[in-house]
Amino acid sequence: MATMAFTHSNQSLLRPRSFAVKDDCFCLFEGTLENLASLRQEYGLSKCVNEVLFVIEAYRTFRDRAPYPACKMVGHLEGQFAFVIFDRGTKTVFTAADSNGKVRLYWGITADGCLSFSGDEELLKAACGKSLASFPQGCFYSSASGLRSYEYPKNKVMGIPTMDGEMCGTAFKVEHENISASMV
């Protein structure tokens with residue numbers, strides 16, 4: 001079971017939020033893709049396809065037809081973004097954030113053991129208590145394959161337990177390169 005919700009409250013004009021559903025793929029997207037026009041052309045999509053619809057189409061293409069791993073799809077995205085896809089057909093969650101961390105995304109485990117994502121740190125803190133961290137920049141998470149770096153797909157992502165006051169969490173490192181050390 002999955003629950004998704006979003007609001008335009010406190011939305012940045014430069015990084016809009018959007019939601020779309022297509023063929024049992026639900027997607028929340030925040031930000032912009034600087035190379036959307038060339039990506040539409042590469043994927044053969046119409047000019048009316050926005051970022052959230054593009055992400056769904058690209059995800060479905062790599063899921064269904066291409067022999068390429070998901071890191072290839074996310075690695076082609078240029079811009080400021082974070083998104084969460086829930087694929088009801090495969091019961092898979094797929095999440096990614098840009099490599100510069102311009103769009104904040106947090107994740108944590110709720111009291112009932114559910115994995116949660118939010119762009120609102122305080123909202124997630126209320127739901128997850130002490131189990132909360134920033135989603136690592138330049139990475140994607142799939143419930144089917146775990147956390148991986150799309151910038152360095154062959155390198156292992158390692159979690160390092162951290163304590164910040166009473167908060168427990170994890171900082172993430174891609175082999176020898178630190179990608180996210182902030183703990184909330």
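Just after helix H4, Gly129 adopts a positive phi of about 60°. At the start of H4 (residues 121-128), a side-chain oxygen of Asp120 comes to within 3.0 Å of the backbone nitrogen of Glu122. The model is predicted: local features need pLDDT of at least 70, side-chain atom pairs count only at pLDDT 80 or more, and totals for chains, interfaces and linings use all residues. Residues are numbered from 1 along each chain as its sequence is written, and side-chain values use heavy atoms, with hydrogens and water left out.

The chain holds 4 helices and 12 strands. These are DSSP runs, numbered from the N terminus (helices: H or I, at least four residues; strands: E, at least two). Of the 184 residues, 43% count as buried. Buried means under 20% relative accessible area, exposed over 50%, and partly exposed in between (1.4 Å probe, protein chains only). Contacts are defined by heavy atoms within 4.5 Å. Among contacts between residues at least 6 apart in sequence, 48% join residues at least 24 apart.

Two packed helices are described by the angle between their axes and the distance between the axes. The axes of H1 (residues 36-43) and H2 (residues 51-64) come within 11 Å and cross at roughly 40°. H1 is therefore oblique to H2. Axes are lines fitted to C-alpha atoms, for helices over the stretch in contact, and angles run from 0 to 180 degrees between N-to-C directions. Angles under 35 degrees count as roughly parallel, over 145 as roughly antiparallel, 65 to 115 as roughly perpendicular and the rest as oblique. H1 contributes Leu36, Leu39 and Tyr43 to the contact, and H2 contributes Glu51, Phe54, Ala58, Thr61 and Phe62. The residues of this contact divide into 6 nonpolar, 1 polar and 1 charged. Here Ala, Val, Leu, Ile, Met, Phe, Trp, Tyr, Cys and Pro count as nonpolar, Asp, Glu, Lys and Arg as charged, and the others, Gly among them, as polar.

Asp98 lies in the loop between strand E4 (92-97) and strand E5 (106-109). Asp98 is buried, with a relative accessible area of 1%. Its side chain reaches the backbone nitrogen of Val103 at 3.4 Å. Leaving aside residues up to four places away in sequence, Asp98 touches Gly79, Gln80, Phe81, Val103, Gln137, Gly138 and Tyr150.

Arg17 lies in strand E1 (residues 17-22). Arg17 and Glu30 are 13 residues apart in sequence, with a C-alpha to C-alpha distance of 4.2 Å.

How values were computed. A polar contact is a pair of N or O atoms within 3.5 Å; within protein, one must be able to donate a hydrogen and the other to accept it, and residues adjacent in sequence count only if both atoms are side-chain atoms.
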